[in-house]
Amino acid sequence: MMSDNLKTEYDLTVIIPTYNEEGNIKEIVSQIDKVCKKAGIKEEILVVDDNSPDKTQNYVHEMQKQMDNLHIVVRYEDHGLSQSLHAGIYAANSDLIQCIDADLSHPPEKIPIFFNLLKNEDFDMVIGSRYVKGGETFDWPLYRRIISAGAALIGRSLIPIVRDSGSGFFAIKRKIIENATLKPRGFRMGFEILGKGDWEKVIEIPIVFKDRIAGESKLKSTVFTDFLLQCAHICYYNFILRKSTNIIKSWKMCIFSDNN
Ligand SMILES: Nc1nc2c(ncn2[C@@H]2O[C@H](COP(=O)(O)OP(=O)(O)OP(=O)(O)O)[C@@H](O)[C@H]2O)c(=O)[nH]1
Ligand SMILES: [Mg+2]
């Protein structure tokens with residue numbers, strides 16, 4: 001168990017979920033560390049690995065010899081991306097959390113922008129978005145663009161103020177999930193937080209999403225079913241259990257705001 005004192009030791013925890021990322025882990029860790037050092041952010045880097053059989057863990061242990069801000073959680077059960085992010089958020093030693101993929105698809109140089117919006121502009125959640133002006137996906141085949149845009153559209157039917165609710169590049173204040181009953185599954189942890197978390201101010205910033213170069217995609221055919229189940233649970237949580245008003249709140253924000 002982490003002591004509460006430690007939570008103030010870092011300004012930000014950057015969580016990297018990994019499964020077989022030996023071709024990317026060293027590069028992403030060093031890029032994050034460089035960007036944060038340059039911006040004066042004292043960051044913890046927390047790798048959450050689902051017991052990868054490749055060299056991901058070995059490389060992290062190697063880098064830990066030079067970096068005392070690099071930590072790793074290895075999970076042995078309930079394999080999954082959202083479950084790993086959830087575990088990482090609870091293991092983090094700071095109250096501001098950034099999630100980023102390991103495969104260099106997300107630009108680490110944007111981390112100081114996320115951090116500033118949480119810390120100084122009082123946003124509760126910041127989302128790196130492919131679907132706002134200036135954002136895009138690079139090198140994606142047509143079928144992937146269609147599936148991703150379709151899922152984004154379904155996401156918008158529940159939380160219309162956010163265009164890219166499926167983005168894995170997002171940052172939160174940890175307090176917004178303290179009282180939420182999250183049911184992490186699939187690849188859309190940010191959407192789970194949007195549907196159930198206790199947020200007031202959310203913003204999207206444009207990102208260019210690049211296709212991975214090293215390693216293989218872990219996207220499974222079940223992610224779409226997971227997403228539909230997640231949508232159903234978010235509706236149940238909002239309308240039957242009445243534990244959140246996020247769907248209605250976000251529709252009201254959308255209707256009464258000039259920006260949407
Ligand atoms: N801990 C953990 N991490 C995972 C799991 N599945 C994927 N990841 C990590 O989550 C991030 C996103 O996974 P990707 O396979 O890149 O998924 P994607 O970006 O939607 O798909 P591509 O564009 O094809 O790469 C990467 O850092 C993966 O290593 C998992 O089951 N457990
Ligand atoms: Mg990827």
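Helix H3 is mostly covered in this predicted model, since nine of its 11 residues are buried. Those buried residues are Leu81, Ser82, Gln83, Ser84, Leu85, His86, Ala87, Gly88 and Ile89, and what covers them includes strands S1 and S2, strand S3 (70–74), strand S4 (96–99) and helix H6 (189–196).

From here the reader can turn to ligand 1. Helix H3, spanning 81–91, supplies at least two residues of the shell around ligand 1, as do strand S1 (12–18) and strand S2 (43–49). Strands S1 and S2 are also among the elements that cover the buried residues of H3. There are 22 residues around ligand 1, and of these Pro17, Ser84, Ala102, Ser217 and Lys218 come nearest; Ser84 is also one of the buried residues of H3. Sorted by class, the shell around ligand 1 holds seven nonpolar, seven polar and eight charged residues.

Another part of the structure to follow is the packing of two helices, H1 (residues 25–39) and H2 (residues 56–64), which meet at an angle of about 35° with their axes 9 Å apart, in a crossing that is right-handed. On the side of H1 the contact is made by Ile25, Lys26 and Val29, while H2 contributes Thr56, Tyr59, Val60 and Met63. By class, this contact of H1 with H2 comprises five nonpolar residues, one polar residue and one charged residue. An α-helix has 3.6 residues a turn, so residues three or four places apart point the same way. With that spacing in mind, the reader can look at Ile25 and Val29 in H1, and at Thr56, Tyr59, Val60 and Met63 in H2, where the two helices touch.

Notes. Residues numbered from 1 in each chain as written. Chains lettered and ligands numbered in written order. Predicted model: local features only at pLDDT ≥ 70, side-chain atom pairs only at ≥ 80, totals over all residues. Near = placed C-beta within 6 Å. Helix = DSSP H or I, 4+ residues; strand = E, 2+ residues; numbered from the N terminus. Nonpolar A, V, L, I, M, F, W, Y, C, P; charged D, E, K, R; others polar. Buried ≥ 20, exposed ≤ 12 C-beta atoms within 10 Å, placed from the backbone. Contact = placed C-beta atoms within 7 Å. Axes fitted to C-alpha atoms, helices over the stretch in contact; angles between N-to-C directions. Left-handed = near helix turned anticlockwise from the far one by under 90°.
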